[in-house]
Structures are given as C-alpha cells and as structure tokens.
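User: I've got a model open and would like to talk through how its pieces pack. Can you take my questions one at a time?

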Amino acid sequence: MAFLLEVSMLAAFAYAGFHVAPPLTVVAGVGFPLLAMVLWGLFFAPRAGRRIPWPWLPLASLGMFAAAALALAAAGEWLLAELMGAVALVNTVVSFWLRRKD
C-alpha cells in the first residue's frame, strides 16, 4: 500500500503541476514531482543517509501525502484528493499499529 501511495503522490503532483497557469505549466508539471522525488530520496527512502527517525517518519510521510492530496484538490479533483487522504491516513495508522511495542 505504501508504494502505491508513493507513486500516486508523484502522479498527483504532476497532475496538479500541469494544471497551473500556462507560463509555468511544464515547469510545475515536471518540477513538483521531481522535488518530491528528491525529498523522498533524501529523507524517506529506506537507504537514505538522512532518513527521518521513527516515530516521525510515518508522520512526515503523511504530510507529504497530504500535500499531494491538497494539490489534487487545488486542481479540482476533489474525489481523488479525498481518496488519497483517506488511504494515506489508513497507511499511517497501520504503520504505527505494526510497529507498536508490546
């Protein structure tokens, strides 16, 4: 589920970027997902040198997914935005549940 969310996040940023005002359409459509990829590679990826520590990692991931959902909402795709937000929230809850200390 997490991998599909990550790919969906990139697609959401690209979609929202290509719905920006015409002079910046291509720059935003390529730049938003590229920026998300760089941030993910630096701070979220399993082999990242500066990976965010637990328990902040799932919360920061939720923030990135929420930003993608907001980008979809700004592009007028309310249903997709709500779906992405709901799946991201479930992913975060499951992440904490699986990592709980007994």
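Analyst: Helices here are DSSP runs of at least four residues in H or I, numbered from the N terminus. With that numbering, M1 sits in the segment before helix 1 (2–17). Keep in mind that this is a predicted model.

User: Which residues does M1 touch, leaving out those up to four places away in sequence?
Analyst: M1 belongs to the segment before helix 1. Its C-alpha atom is 9.1 Å from that of A88, a residue 87 places away along the chain. Contact means heavy atoms within 4.5 Å, and once residues up to four places away are left out, the ones M1 touches are V87, V90 and N91.

User: N91 shows up there. Is N91 buried or exposed, and at what relative accessibility?
Analyst: N91 lies in helix 4. Leaving aside neighbours within four places in sequence, N91 is in contact with M1, A2, L5 and F65. Buried means under 20% relative accessible area, so N91 counts as buried, at 14%.

User: How are helix 3 and helix 4 oriented relative to each other, roughly parallel or roughly antiparallel?
Analyst: The axes of helix 3 (residues 56–74) and helix 4 (residues 78–98) come within 8 Å and cross at roughly 175 degrees. Angles over 145 degrees count as roughly antiparallel. That crossing therefore makes helix 3, relative to helix 4, roughly antiparallel.

User: Let's zoom in on A81. What relative accessible area does A81 have?
Analyst: A81 lies in helix 4 and touches A69, L72 and A73, not counting residues up to four places away in sequence. A81 is buried, and its relative accessible area is 8%.

User: And A66: where does A66 lie, and what is its relative accessible area?
Analyst: A66 is found in helix 3. C-alpha to C-alpha, A66 and A2 are 14 Å apart in space and 64 residues apart in sequence. A66 is partly exposed, with a relative accessible area of 32%.

User: On to the rings. How many aromatic pairs does the structure hold, and what is the centre-to-centre distance for W40 and F65?
Analyst: The structure holds three aromatic pairs. W40 and F65 form a tilted one, with 40 degrees between the planes and 5.6 Å centre to centre.

User: Which helices does that W40 and F65 pair link?
Analyst: W40 is buried, at 13% relative accessible area, and F65 counts as buried at 2%. Ring pairs link W40, F44 and F65 into a cluster. W40 and F65 are 25 residues apart, and the pair links distant parts of the chain: helix 2 and helix 3.

User: What is the angle between the ring planes of W54 and F96?
Analyst: W54 counts as partly exposed at 30% relative accessibility, and F96 is partly exposed with a relative accessible area of 30%. Their ring centres are 5.1 Å apart, and the pair is tilted because the planes are at 50 degrees.

User: Which residue has its charged end over the ring of W54?
Analyst: W54 is in the loop between helix 2 and helix 3. The charged end sits 4.7 Å from the centre of the W54 ring, and the residue is R99.

User: What is omega for the cis peptide bond that joins W54 and P55?
Analyst: P55 lies in the loop between helix 2 (25–43) and helix 3. A cis peptide bond joins W54 and P55, with omega at about 5 degrees.

User: Last one: which residues is A48 in contact with, leaving aside neighbours within four places in sequence?
Analyst: A48 is found in the loop between helix 2 and helix 3. At 14% relative accessibility, A48 counts as buried. Leaving aside those neighbours, A48 is in contact with G41, L42 and F43.

Definitions and conventions. Residues are numbered from 1 along each chain as its sequence is written. This is a predicted model: local features need pLDDT of at least 70, side-chain atom pairs count only at pLDDT 80 or more; totals for chains, interfaces and linings use all residues. Side-chain values use heavy atoms; hydrogens and water are left out. Axes are lines fitted to C-alpha atoms, for helices over the stretch in contact, and angles run from 0 to 180 degrees between N-to-C directions. Helices (H or I, at least four residues) and strands (E, at least two) are DSSP runs, numbered from the N terminus. Angles under 35 degrees count as roughly parallel, over 145 as roughly antiparallel, 65 to 115 as roughly perpendicular and the rest as oblique. Rings of Phe, Tyr and Trp (its six-membered ring) pair if their centres lie within 6.5 Å; planes under 30 degrees apart count as stacked, over 60 as edge-to-face and the rest as tilted. Buried means under 20% relative accessible area, exposed over 50%, partly exposed in between (1.4 Å probe, protein chains only). A charge sits over a ring if NZ of Lys or CZ of Arg is within 6 Å of the ring centre and within 35 degrees of the ring normal.
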